[in-house]
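Reader: I have a new structure open and would like a quick tour. Can you take my questions as they come?

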Amino acid sequence: MLNQISQRRAAVQARTFQPDIHHCNRLRRTHAVATEAPVASTSASIVEAPSFRANLDFKFIKENVELVATNCKNRFSSADPRLVAALYDEFVALKTQADSLRAERNENSNAMKGKLDVDKRAVLIARGQELKDQLAAEEERLTRVEAALQREGQRVPNLTHPDVPLGGEEAAAVLREVGAQRLFSFTPKDHVTLAEALDMVDFESAAEVSGQKFYYLRNAGALLELALVNYAFNKVVSRGFTPIMTPDLVKASVLEKCGFQPRGAGTQIYAVEGSQLCLTGTAEVPLGGIYMDRILTEDQLPIRMAAFGHCFRTEAGAAGMAGKGLYRVHQFSKVEMFVLSTPAQSEALHQELIDIEAEMFEELGLHFKVLDMPSGDLGAPAYRKFDVEAWMPGLHRYGEISSASNCTDYQSRRLNIRYRPAGGKDAGGADAVATVSAGGKKAGKKASGGGSGGKTEFVHTLNATACAVPRMIVAILENFQQDDGSVMVPLPLRPYLGGIEVIHPPAAARKG
């Protein structure tokens, strides 16, 4: 069987597809299901054990292998659900065999408790040693197979909402369009030209101090960041979100449980050498970790949180005009919304998140589109994702300024965040969303008000960007520029800028 699985994994790795926005290498290939032991010759001897155990529903994958395989293909995923199903069969067979040996060993031990003649006791002792050795070998094989099962299972992406368009980025569907492209009576400048002329940004000094794709915000630039953050926070807090300031460093294991890859080629994560800590790329990660290994009660849900955080990204592979100036940088500030919900609540909450984003951008006077992102553009955790792209006249294109994702129980199965339904009723409900990441029996520590008794279910998680500061600055500068090089401040931001209506160059435009 080792040869079969090794050949199949080689065949999978030989087929590469385009990476999605989370920079996952996309590969996929089917395999012939092996039916014979020896169990020791599984891919467990090939794959390193994952850093954590996820509560995945391997039985669901086995019983719906064609559905899951088609989903992987549609998402350009390298995951191999048929291999997962085969490993699950091996795991079940090995566990059954180990349980049988354990039971026989116990019976043998009990048989030696009475008064026995020397010969009979010697036979039982010999058999006991034999069973002990067999069980040790079986448990070792079981450990290796479970490691392989976890490794392959964790590569399987979430299922996909039936309304999601199939295909790559070009298949994105426009759900809504607000406003229209502004007609200029002059040739619009890009945000880099505007910001440098207004002494709002300093790329040159940042390059000397930190490197390319870093920046200093100065004068009105610094004030504009604070204005955007405060405006966004006031908006989301008014909608029932709890404001939180999060750590910028998180454990690599928490990043992995949220669906990010902190190590390896092409990672977007900065890892701290000699440590398990990483700089987080989004406040979604520390927010998700708050309730890790906890059980909530249904009446605590939904939990709405909003965090201000600094985001750090390597931007591996990013180059060209698409990354000019502030559009694609290594460090930026962001206000992130994160929600925990029941399965029955998550779809409506996803709509609520995108509505909040659209309301903000419309108030700011931006022209933008809301897109339903296609299957091939979804990161592994997302069941469905909406993107918001604003018109950026200086860059002559639309650019992403926000997104909102429903991750159903993909993250909570890994973070082990559960809730106990009220009255012990079925947590799914008529409108519940089915996902591929289900199962798991172990419950974590109980959260405040966790209740007792009854079956627990995994929560759904959702995340959305309220304000990614640099992209918002790009959109504001390019859309509200005037022919004299000044920039009009959108009305909602003026109270946060001390009443400033127009950004002009400082009286003494100098560094220092």
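Author: What follows is a short chat about the fold, the cores and some local details.

Reader: Where do these coordinates come from, and how are residues numbered?

Author: This is a predicted model, where local features need pLDDT of at least 70, side-chain atom pairs count only at pLDDT 80 or more, and totals for chains, interfaces and linings use all residues. Residues are numbered from 1 along each chain as its sequence is written, and side-chain values use heavy atoms, with hydrogens and water left out.

Reader: OK. How many helices and strands are in the chain?

Author: The chain has 13 helices and 19 strands. Both are DSSP runs, numbered from the N terminus: helices are H or I with at least four residues, strands are E with at least two.

Reader: What share of the residues is buried?

Author: Of 512 residues, 53% count as buried. Buried means under 20% relative accessible area, exposed means over 50%, and partly exposed lies in between (1.4 Å probe, protein chains only).

Reader: Let's go inside. Which residues touch the most other members in the largest nonpolar core?

Author: Leu228, Leu366 and Phe368 do, in a core of 64 residues. Helix H8 (residues 220–238) gives the largest share of this core, nine residues. A nonpolar core here is a set of buried Ala, Val, Leu, Ile, Met, Phe, Trp, Tyr and Cys residues joined through side-chain atoms within 4.5 Å.

Reader: What does Leu228 touch?

Author: Leaving out residues up to four places away in sequence, Leu228 touches Cys467, Val469, Met472, Ile473, Ile476 and Leu493. Contact means heavy atoms within 4.5 Å.

Reader: Some of those numbers fall in helix H13 (residues 469–479). How many of its residues are buried?

Author: Eleven of its eleven residues are buried. Among them are Arg471, Glu478 and Asn479.

Reader: Which strands does S14 pair with?

Author: Strand S8 (residues 294–297) runs parallel to S14, joined by four bridges. Arg294 stands opposite Ile417 there. Strand S16 (residues 457–458) runs antiparallel to S14, with two bridges, and Phe458 in S16 is the bridge partner of Arg418. Two strands pair if DSSP finds at least two bridges between them.

Reader: What about the open sheet of three strands?

Author: Its order is S5-S7-S6, with antiparallel pairing. Strand S5 (249–251) and strand S6 (270–271) stand at the edges with a single partner strand each, so one side of each has no neighbour in the sheet. Tyr270 stands opposite Leu279 in S7.

Reader: New topic. How many aromatic pairs are there?

Author: The search of the whole structure finds five. Phe184 and Phe186 form one that is edge-to-face, 5.3 Å centre to centre with 75 degrees between the planes. Rings of Phe, Tyr and Trp (its six-membered ring) pair if their centres lie within 6.5 Å; planes under 30 degrees apart are stacked, over 60 edge-to-face, and the rest tilted.

Reader: Are Phe184 and Phe186 buried or exposed?

Author: Both are buried. Another edge-to-face pair is Tyr231 with Tyr496, at 6.4 Å and 65 degrees. That pair links distant parts of the chain: Tyr231 is in helix H8 and Tyr496 in the loop between strand S18 (487–488) and strand S19 (502–503), 265 residues apart. Tyr231 is buried at 6% relative accessible area, whereas Tyr496 is partly exposed at 31%.

Reader: Last one. Where is the cis peptide bond?

Author: The bond from Leu301 to Pro302 is cis, with omega near 0 degrees. Pro302 lies in the loop between S8 and strand S9 (303–312).
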